[in-house]
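Let's take a walk through a multi-chain model, one chain and one contact at a time. Have the sequence and the coordinates open as you read.

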Amino acid sequence: MSADNMTAIDALKARCGDMPVSEFRGDRRVVVAKDKLLDVMSLLKGERGFDLLVDVTCVDYLNYRDATSRFGLVYLLANTATNERLTVRVYLDEPDLTVASMVPLWAGANWLEREVFDMFGIQFDGHPDLRRILMPEEFVAFPLRKDYPLQGRGERHNFQRLTRSEA
Amino acid sequence: MSIAEPIAESSVARESDYVWTLNFGPQHPATHTTLRIVLKLDGERVIDAVPDIGYLHSGFEKTGEHLNYNQYVTITDRMNYISPVANGVAWHAAVEKLLDIEITPRCKYLRTIVAELARISDHLLCTGAMGLDTGAFTFFLYAFYQREVIYDIFETISGQRFHPSMTRVGGLAYDFTPLVIEKIRTFVKNFPQTLDDMERLLNRNRIFVDRTKGVGLLSKERATNMSATGPIARASGVTRDLRKDEPYLAYADFDFQVCCSKVGDCFARYYVRMAEMRESLKIVAQAIENIPAGPINVGIDERMTLPTKSQVYQTIEGTITHFELVMWNRGFVVPSEETYAAIEAPNGELGFYVVGDGSDVAYRARTRPPSFIHFSLFPELIRGHTLSDVVAVLGSLNIIAAELDR
Amino acid sequence: MHSNNPAPPENVVVTQLDALANWCRKNSLWPLPFATACCGIEFMATGASKYDIARFGAEAMRFSPRQADLLIVAGRVAMKMLPVLQRIWQQMHEPKWCISMGACASTGGVFDNYAVVQGIDRFIPVDIYIPGCPPRPEQVIQAVIDLQDKIQREGTIEGSEFEVASRQQKKRALQELPLYGRKTFVPSLAPSVPTP
């Protein structure tokens, strides 16, 4: 399994230039630059057979020791035929938080990317319907960012109180 | 023409007076708790369905950044609340992978048993709710009675009917007493009879079969493209099951089969779940007779699990470990790295992406929620079917709102 | 309609009619299970065959607010869901009661964060609170019994008990049992001692 995986990453490096590869506890991770993301993903899906997009998520490295960029997007891929997994990372920094959408390749990325937009504010270029999914439409902040407090900024108290005499 | 056949696009009047909008939920008996679907209907035919979720968003992932690895298992239990222990098993699988701990054989067996009991509990509720929504109330009551037996087992182990919060980093909080093993043996003996009764009620029931056969078809390629996993993907022909493909815990020791179907409609999803319950029962029956003896927690040298009181008072290692874990400015030693681990939860692939930062509180605790991903399948499954098929399809997708919204 | 007097005249005919109406209403409560999360599953278990809530007259679960008289909020209420809950409460006809089931509905529970309302009683009036996460079915049944006692004690045939504060009485258990140790507490002494 690792030979195939190495070949996948070798094929990536051959096609798209060198990129940092690391391994931790059996997970293979590869860091991709933002502008090459769509090519890399098309290669992985088309030729290397990574047909299952397991997850799309984001980490806000604001308070992380030794962090180089603020946001790290994580794409977890799996190959259902050979059971290999691969983690693709893209680092983003403010102010340019836009990245290509994976919806043309994997339709399951639709809601996953909407959630990343809702929680972190990352814009996905080419997404058919990028709007908030979990928070109310009128919510302004991005809750999972590290500068948003756990208890919120009072939005949860901001409703009308009904008493017996009114209702 | 049977009612379940979807009609061709050209025969639907696009801007006719008959197109109307129906708001389904968020408070409705057939939505599995709080989710909302805005249906565009032509008479009774669904032209489009736009899901609107977030009505139970409770900030689970943000809470995970403020609770330590052992406290967070109380929150993960409340995610997929109909198979709560499976979430805890998945969370600690991810944390133990991050910390590179190998749990003891006995702990692996016990976690396997509770995870399979949770799977039976989940499938009972899913099929029971599907029966209830399509009108079979007796089926629902049979399923719930068996769930009470499983709750009784969990209560004997941990004191809580569900949300036992049983797993800890490096082990379990509660061991199995002989009474628990007795109760599980009784359950294994009596459950097949109930499964047979339940199957006799619905498998060849004309009404149920007509309501679910041919409804909500999902093809194999579309299932994988939409990231579906678990019984929903298996009912469409995808043979992926993490218990066999990437064996974790003690699954490699047991003899069981992966249940799949090629059809991909609601009836197939129901049938795959009923078959999976039998396979889970086989696993529990094999596991309960072969539990290895030994400790349930890893050794105290690892500085991860709380030692017993006799170890604390009588060995220096126990005292040191107790001090390291209990004093507020100490705790686990966690590498500043990120990892992902998944298990085959009853609903699909449930994984946690954990980012450690050296302290004993996770920096990011992301859940890969199967219900969220499966609900995005809903619009294409329901297009062209009638309003009454909405409940059948929704029931077969097993959407748990707490996992959907986190 | 509702009377504007502080306390309606208590003559024997009115009180007997009140008692009859209260008896009818308490024994045929039709719950609206506003089940959001895990407590909803425990509520379903309460209605199932082992802890049958039908013994107390409350098995007719009506999901339409126009047809129900007991709103049982079972589970956490997210910020996005609260306006829906308020609308459902407003749509219910009087006399109506509310049971807040579980820790999350009563106070926000384990979820003290930006998304969960810290107790529905901040926004709708609640009659009975059930602690627990989730409460056992026996606790839910006890809450229904307590509500039945409350209706019997305080109800009126015209539904004016909700207007008149003087009709609100302490729960029967609190009336009968002494509060151990609390009678001697004098708030003015030792102001730095935390309030019990």
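What follows starts with confidence, then turns to chain B, its two partners, and a piece of chain C.

This is a predicted model, so to speak of a local feature we need pLDDT of at least 70, side-chain atom pairs count only at pLDDT 80 or more, and totals for chains, interfaces and linings use all residues. Residues are numbered from 1 along each chain as its sequence is written, with chains lettered from A and ligands numbered from 1 in the order in which they are written.

The model scores ipTM 0.91 and pTM 0.87. For chain C, the mean pLDDT (the predictor's confidence in each residue, from 0 to 100) is 79, and 78% of its residues reach 70 or more. Over residues 1-5 of chain C pLDDT stays under 50, and the model has four contacts beyond four places in sequence for them; a contact here is two residues whose C-beta atoms, placed from the backbone, lie within 7 Å. Residues 176-196 of chain C also stay under 50, with two such contacts.

Now to chain B. Its secondary structure comes to 17 helices and eight strands, where helices (H or I, at least four residues) and strands (E, at least two) are DSSP runs numbered from the N terminus. Along the principal axes, the C-alpha atoms of chain B fill a box of roughly 80 × 45 × 35 Å.

Look next at the open sheet in chain B, with three strands in the order β6-β7-β8 and antiparallel pairing; strands pair if DSSP finds at least two bridges between them. Its edges are β6 (338-345) and β8 (364-368) of chain B, each pairing on one side only. Neighbouring strands are turned by 15 degrees on average, direction ignored. β6(B) and β7 (residues 348-355) of chain B share eight bridges, and B:A342 stands opposite B:G351 in β7(B). Helix α3 (residues 84-99) of chain B packs on this sheet, touching β6 and β7 of chain B, and its direction makes about 150 degrees with that of β6(B). Such axes are lines fitted to C-alpha atoms, for helices over the stretch in contact, with angles from 0 to 180 degrees between N-to-C directions.

Chain B meets chain A through 34 residues of chain B and 28 residues of chain A. On chain A's side, β3(A) gives the most, with six residues. That side divides into 17 nonpolar, six polar and five charged residues. Here Ala, Val, Leu, Ile, Met, Phe, Trp, Tyr, Cys and Pro count as nonpolar, Asp, Glu, Lys and Arg as charged, and the others, Gly among them, as polar.

With chain C, 26 residues of chain B touch 26 residues of chain C. α2(C) gives the most to chain C's side, with four residues.

Finally, strand β2 (residues 70-74) of chain C has five of its five residues buried. It pairs with β1(C) in the parallel sense over five bridges, and C:F34 stands opposite C:V73 in β2(C).

Terms used. Buried ≥ 20, exposed ≤ 12 C-beta atoms within 10 Å, placed from the backbone.
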